[in-house]
Amino acid sequence: MRLACFAAAACAAFAFAASAQNSTTEGIAKYREALQEGNPAELWEARGEGLWKAPRGPNKVSLERCDLGLGAGIVKGAYAQLPKYFADADRVMDLETRLVWCMVKLQGISEADAKKNPFGNGNDKKSDIEALVAYVTSESRGVKMNVSVAHPKEMQMYRVGEKIFYFRGGPHDFGCVTCHGADNQRIRLQDLPNLTKIEGTQKAYTTWPAYRVSQGELRTFQWRLNDCFRQQRFPELEFGSDASIALTMFLAKNANGAAFDGPAIKR
Amino acid sequence: MQARMIARILLFSALFAAVLVGCAIAPSDERISADASAMIKNSFKARGQAGLDRLDQDDTQRLCSQAAGKTPPRDVAERIEKQNLATIKYPADGKLLGDWKNGEKIAQDGRGKQYSDDPKGPVGGNCYACHQLAPQELAYGTIGPSLYRFGKLRGYTVETQRYAYGKIFNSEAFAACSTMPRFGHNGILSEQQIKDVTALLMDPASPVNQ
Amino acid sequence: MADPMKIRATLVGDSTEVKVLMSHEMETGQRKDAQGAVIPAWFIQNVTVAHGGTTVLAAQWGPAVSKNPFLSFKFKGGAKGDKVTIAWVDNRGDKRTDEATIA
Amino acid sequence: MNRRRRQVLKSGSGATLLALVAAAGWLKPGEASAQSWNKAAFDTKSMADTMKALGGGEPVQSKDIVFFQTPDIAENGAVVPVGITSNIPKTESIAVLIEKNPNMLAAVFDIPPGTEPSLSTRVKMGQSSNIYALVKADGKYYFAAKDVKVTLGGCGG
């Protein structure tokens, strides 16, 4: 009798914990759904389009002649094929590094100036790069990811990116793989995509950039990588660095075939 | 005879060329690893308390990176575990259990060691990021196994206390290439903090064991 | 000057659905900066939506409305091609007026 | 919902809601409210203060006020979607109040004739709390409440 009571109580407690978990997950799913109705990323997209078309820099020209890989001035669908090798720079570039390139080469802005504010912070420190990225990526919404590794330098970046993904270091021995190496894992209540698998990578990669409600800012993929390394207890990943492009290449290519769905809205 | 010889030479040449071309298209895995290490060194800058020395891998980190998220070969795993086991320092006073209430605070606290953290500020263990512990906390992660009723299930023995303390001190001593940080070995948590977290797992009065 | 609003006005049956996003910090006045100084409150106080010279919605907001505010509602009437005008004023007296065409 | 919560709802919040209404006088008919901002209403800090300041009647809880797109759990309190529809005839205004925010009143919307008494917006919540929808219709006040939990994820910040 006593034993039965105890067992029943234990079961009830367990069932309570389990149902609390389920309702938490469902509740958060509904929350995320409700956010989809209006995405402030559109404010960044609009500002970015304005920046793209405005004559700027010492040369007083717009970015409308910038070649994002599909030819000068073609924005539609360009992001779905990045990163890629650009012969004029003899380098594999992601969108952010290519935008900096165009600001320097076309508009005559110094590289230091073009790169100085990659991640905005509030009204007084708005980032032009984030706005431009929001605009350019929005023009690939619905386009299937189609990143090439045909050029040897693209293949090299892809393979190095894979190595960096598995690189463990720092005081905590963390690497990308620590949090993103298995299915159905979470940190606290946050689901973690499995980036060693195609499905997980497709879902994660195609929903960046994103408006982060926790920050009230639009964040780019460069930011995503930068902040992951901060939490990995690494030094700071430099904006537009080769390692950042290699990792982006590794993930973007593995997302091939999935329709791009950004800028998204996230927690 | 002559024709045969020429044919053989041609064949060898073709094979040799194919190998050469193959090299051009696909550098070896070692080469790519070396490129990755060099690229990492060039892509980060020191900030706050996080210096570039954090990119220098020790033997364990290097071997586990090579394992690429999988369990390393048995001989490698044994080498890693042996090396790490030798680093574990048990408390000189022989007491393994501290205060579970402090342990709970440490388990909840995710601060410490990030370049954005105050270097003089508190450092936590962030156990709940990956593990279920006390059932009251619903916001727990699942990267590590559930530790709910850790002591109750395994028995409140000194051996289990030593295992828990040792695992927190250096997880790689017990499971090569574990995702869990080596809290003692890498100086993330102090001896007293590890005792407190051990108490959270092993004290019969801890909420973990209710 | 504040960035333009993003306004969508769509005819749904005999109603016009208005969805608007505004670019604004909506600073509460309760947060502190790194030096411990209070960041002053800065938020939109009044929003008016007009169609054909009549107000179809008038709002008063406090700082608890989220950063980069979103608002959605419907009013009867309106025809494709009509203009919907939205104006806001914040507690510093900054203003912004934008309009959209009903689609 | 536990019993204590219900009591709070009846005595505490009801009086507070009314206090806000009375203190404010924010819902003057017509255009007047469009360009004025009622500081007194937005400054209301706690239930206790407003209860002391005023007393008496209270708005009526109504099932004709419905929340939509308002989650049970908000992953981040900085952005909590709130949708409110009033099915009460002659609805003149809809207000959103957050019980446990430092200042309860978040927003007031005047609904002129011809505008549907239904809208959605997003508010900040400092912690888990009730959200109140306060409706003025034909000169009378009604309310509905919804409990929203705020969770903050964390992997070190």
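Analyst: Buried means under 20% relative accessible area, exposed means over 50%, and partly exposed is in between (1.4 Å probe, protein chains only). This is a predicted model, where local features need pLDDT of at least 70, side-chain atom pairs count only at pLDDT 80 or more, and totals for chains, interfaces and linings use all residues. Residues are numbered from 1 along each chain as its sequence is written, chains are lettered from A and ligands numbered from 1 in the order written, and side-chain values use heavy atoms, with hydrogens and water left out.

User: Why does A:Arg233 count as buried?

Analyst: Its relative accessibility is 4%, which is under the cut-off, so A:Arg233 counts as buried. You'll find A:Arg233 in the loop between α9 and β7 of chain A, where helices (H or I, at least four residues) and strands (E, at least two) are DSSP runs numbered from the N terminus. The backbone of A:Arg233 is worth a look too: phi is near 70°, a positive value in a residue other than glycine.

User: Why is A:Asn117 called buried?

Analyst: A:Asn117 has 16% relative accessible area, under the limit, so it's buried. A:Asn117 belongs to the loop between α4 (111-115) and α5 (128-138) of chain A.

User: How do you know that the side chains of A:Asn117 and A:Lys125 make a polar contact?

Analyst: A polar contact is a pair of N or O atoms within 3.5 Å; within protein, one must be able to donate a hydrogen and the other to accept it, and residues adjacent in sequence count only if both atoms are side-chain atoms. The distance here is 3.4 Å, so this pair passes. Leaving out residues up to four places away in sequence, A:Asn117 touches A:Lys125, A:Lys126 and A:Ser127, contact being heavy atoms within 4.5 Å.

User: How do you know that A:Arg188 and B:Glu137 form a salt bridge?

Analyst: The rule asks for a side-chain nitrogen of Lys or Arg within 4 Å of a carboxyl oxygen of Asp or Glu. N to O is 3.6 Å for this pair, so it qualifies. Five salt bridges turn up across the interface of chain A and chain B, and 28 residue pairs are in polar contact there, with both at pLDDT 80 or more. Among the chain A elements that each supply at least two residues to that side are α1 (2-35), α6 (152-165) and α10 (242-254). The largest share, six residues, is from α6(A). By class, the side of chain A that touches chain B has 20 nonpolar, 11 polar and 11 charged residues (Ala, Val, Leu, Ile, Met, Phe, Trp, Tyr, Cys and Pro are nonpolar, Asp, Glu, Lys and Arg charged, the others, Gly among them, polar).

User: What area is buried between chain A and chain B?

Analyst: About 4,400 Å², with carbon and sulfur atoms giving 57%. Buried area is the accessible area (1.4 Å probe) that two parts lose on being put together, summed over both. A:Arg168, A:Arg188 and A:Glu236 supply 18% of what chain A buries against chain B, more than any other three residues. The contact takes 42 residues from chain A and 53 residues from chain B.

User: What makes β7(A) and β1 of chain B a pair?

Analyst: Pairing takes at least two bridges found by DSSP. β7(A) and β1 (residues 44-45) of chain B have two, in the antiparallel sense, so they pair. A:Leu237 stands opposite B:Phe44 in β1(B).

User: What makes A:Arg32 and D:Glu75 a salt bridge?

Analyst: The closest N and O atoms are 2.7 Å apart, within the salt-bridge limit, so the pair counts. Across the interface of chain A and chain D, the rule finds one salt bridge, and six residue pairs are in polar contact, both at pLDDT 80 or more. α1 and α9 of chain A each supply at least two residues of the side that touches chain D, with α1(A) giving the largest share, eight residues. That side divides into eight nonpolar, seven polar and six charged residues. The area buried between chain A and chain D is about 1,700 Å².
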